Amino acid sequence: MKKYIKLYGKFVSQYLKFMMQSKVNFFIGFFGFLTTQATGIAFLYLVFQNIPSLNGWSYYEILFIYGFAQLPRGIDHLFTDYIWMMGMRVVVRGEFDRYLLRPINPLFHLISERFQPDAFGELAVGTVITSIAAAKLGIKLSFGKIIIFLVLILAGAVIYTAIKLFFATLAFWIKNSLPIMNLVYSMSDFAKYPNSIYSKFVQGVITIIIPFAFTAFIPASYFTGKTSLALALGGTVSVAIVSFSIAYAFWLYGIKSYESAGN
Amino acid sequence: MEVSKRKLRVYIPFAKSEIQRALAYRLSFFAFILGDILQVSVAFYLWNAIFNSSSGTIINGFTKTQMLTYVVISFITVMSIGGGTEWIIGGEVQSGEIAINLIRPINYQIRLLFQALGSLFWQTIAISLPLWFMQTFVFYFTVGQPLPSLANIGLYLISLVMSFLIWFLFNFCFGLMAFYVTYMWGLNMLKETLVRFLSGAIIPLMFFPIWLQKFISFFPFGSINYTPVMLYLGKFKGNDALKALGVQLLWVVLLFVLSNILWKKATKRLTIMGG
């Protein structure tokens with residue numbers, strides 16, 4: 001474990017050196033993701049000019065969920081962005097051989113290929129929006145609540161990673177799984193708004209099958225007092241553990257079935 | 001006339017190859033579209049909830065049915081006018097292929113236009129038309145929305161052609177940034193997001209505060225999406241409709257001129273770099 005932390009530090013510091021050479025690119029990416037989320041908030045703001053509440057949720061409650069949603073997403077984006085490449089080209093180009101030849105965990109090796117500072121855009125928006133919304137809602141931050149908050153965000157990030165990993169693994173058989181990854185990832189949009197606006201079918205899908213609801217709506221609504229601690233904390237953490245276990249087992253199975261593209 | 005016809009015929013294979021490419025990768029193509037449709041369905045549920053939470057039945061002049069129609073037609077418009085020209089330019093600048101394309105005896109801009117026409121044709125048939133039929137008939141039978149009048153459809157189609165040209169020229173100008181910037185992926189995302197929002201693809205421009213509406217009327221954004229959709233819904237009447245179409249035409253001309261100026265500048269720079 002110590003070895004891995006040290007190694008990852010080395011990878012990141014290499015990457016940061018590279019990043020400093022192209023500061024312009026960093027700002028482009030940062031503002032790109034920041035703007036994407038900012039327009040989502042502008043939309044909510046404009047809509048709430050016309051209605052007092054949405055299905056019984058006030059503007060700041062919705063804003064809190066929306067901001068919260070960015071945090072697990074941003075953390076996952078920061079660390080595991082290279083999983084997208086796994087789905088897109090690692091298998092196609094025969095690059096996966098390299099990961100099997102080195103004396104470190106292949107998944108760790110794959111993930112450490114990229115540290116994605118674009119994600120700071122999402123994290124910045126998420127932090128600012130959740131703070132503003134929390135202040136307006138009068139959510140009191142005790143020490144215990146801060147710990148719960150951090151655990152929920154980490155668990156949410158793990159769920160994101162698990163979903164990405166599971167669908168990227170399909171690339172071992174279908175070579176390019178990017179389209180299906182993209183399709184599944186789009187479903188995370190559903191979790192940014194209260195579950196109650198969707199049909200029962202959609203609610204079922206995003207809670208049970210592709211559990212994005214646990215990355216935003218369910219944990220966030222604990223803080224606004226609309227979900228019990230048991231469901232928010234217990235549910236989110238167990239979904240994180242179960243989904244990552246399934247994804248990782250599937251990944252190991254995929255590695256076993258991997259046939260190199262080489263000669 | 002005969003000569004220019006023959007000249008244009010040279011470019012038809014570029015349009016065809018674009019369609020063939022989409023057909024060759026149709027599974028991934030439809031998976032991507034389905035992802036987009038999921039995002040539209042989020043908007044659908046959201047607007048539904050918004051109207052249910054509102055005290056009145058009309059918000060900013062839109063009934064619920066009109067708003068849901070707006071969401072669908074807006075998506076259809078985005079799909080039809082496509083895009084991707086900026087990716088082609090960006091890719092060719094990065095790989096250096098652009099140099100070869102410059103010495104070929106064809107006009108680079110017209111070639112890209114034909115490629116865009118190819119995807120316009122294909123995306124309209126594969127996505128827009130089926131979705132339009134679905135929306136029109138489902139709404140007709142469930143909530144009794146009347147079928148759109150022929151006049152509105154006609155205005156929409158005229159406006160759509162200009163949207164297509166504006167969007168193409170806009171992306172052409174934007175794609176030339178690849179001569180100066182290396183991180184086109186990030187820059188493109190920034191552009192897509194801003195245009196989506198400011199062109200009314202997420203929320204009708206009528207919802208914006210007046211100062212913002214005035215400000216963005218100096219840019220071509222509204223002409224890309226808002227204008228055709230509002231014409232389809234019959235929200236622009238008489239002189240307003242003509243004025244909106246006139247503004248679109250103006251943007252086609254302005255962007256055409258701008259694209260040629262920028263193109264000359266960018267290619268001059270390329271020569272210097274090539275040494």
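**Figure 1. Buried residues of helix 10 in chain A of the predicted model.** Helix 10 of chain A covers residues 178-186. Its buried residues are L178(A), P179(A), I180(A), M181(A), L183(A) and V184(A).

**Figure 2. The contact between chain A and chain B.** On the chain A side, 30 residues are in contact with 29 residues of chain B. Helix 2 (23-48) and helix 10 of chain A each supply at least two residues of the side that touches chain B. Helix 2 of chain A gives the largest share of that side, twelve residues. By residue class, the side of chain A that touches chain B holds 16 nonpolar, twelve polar and two charged residues.

Figure 3. In soluble globular proteins, nonpolar side chains tend to be buried together. I166(B) has several contacts beyond its neighbours within four places in sequence. They are P220(B), S223(B), I224(B), Q248(B), W251(B), V252(B) and L255(B).

**Figure 4. K175(A), a non-glycine residue with positive phi.** Phi of K175(A) is near 70 degrees. Most residues other than glycine have a negative phi. K175(A) sits in the loop between helix 9 (171-174) and helix 10 of chain A. K175(A) has 15 other C-beta atoms within 10 Å, so this residue is partly exposed.

**Figure 5. N60(B), a non-glycine residue with positive phi in chain B.** Phi of N60(B) is about 50 degrees. The residue lies in the loop between strand 1 (58-59) and strand 2 (62-63) of chain B. N60(B) counts as partly exposed because 13 other C-beta atoms lie within 10 Å.

**Figure 6. Chain A, built from helices with zero strands.** Chain A has 13 helices. Read along the sequence, the pattern is α-α-α-α-α-α-α-α-α-α-α-α-α. The C-alpha trace of chain A spans about 65 × 45 × 35 Å along its principal axes. A compact globule of 263 residues would have a radius of gyration near 18 Å; chain A has 19 Å, which agrees. Of the 263 residues of chain A, 44% count as buried. Contacts in chain A with a separation of 6 or more come 79% from residues 24 or more positions apart.

**Figure 7. Confidence along chain A.** The average pLDDT of chain A is 89. A score of at least 70 is reached by 98% of the residues. Helix 1 (residues 2-21) of chain A has the lowest mean pLDDT among the elements of the chain, 81. Helix 8 of chain A has the highest, 95.

**Figure 8. Chain B, with both helices and strands.** Chain B has 13 helices and two strands. Its C-alpha atoms fill a box of roughly 70 × 40 × 40 Å, taken along the principal axes. With 275 residues, a compact globule would have a radius of gyration near 19 Å; the 20 Å of chain B agrees. Buried residues make up 36% of the 275 in chain B. For contacts in chain B with a separation of 6 or more, 83% join residues 24 or more positions apart.

Note on methods
Residues are numbered from 1 along each chain as its sequence is written. Chains are lettered from A and ligands numbered from 1 in the order in which they are written. This is a predicted model: local features need pLDDT of at least 70, side-chain atom pairs count only at pLDDT 80 or more; totals for chains, interfaces and linings use all residues. A residue is buried if 20 or more other C-beta atoms lie within 10 Å of its own, exposed if 12 or fewer, and partly exposed in between; C-beta atoms are placed from the backbone. Helices (H or I, at least four residues) and strands (E, at least two) are DSSP runs, numbered from the N terminus. Two residues are in contact if their C-beta atoms, placed from the backbone, lie within 7 Å. Ala, Val, Leu, Ile, Met, Phe, Trp, Tyr, Cys and Pro count as nonpolar, Asp, Glu, Lys and Arg as charged, and the others, Gly among them, as polar. The radius of gyration is taken over C-alpha atoms; the globule rule is 2.2 Å times the number of residues to the power 0.38. pLDDT is the predictor's confidence in each residue, from 0 to 100.
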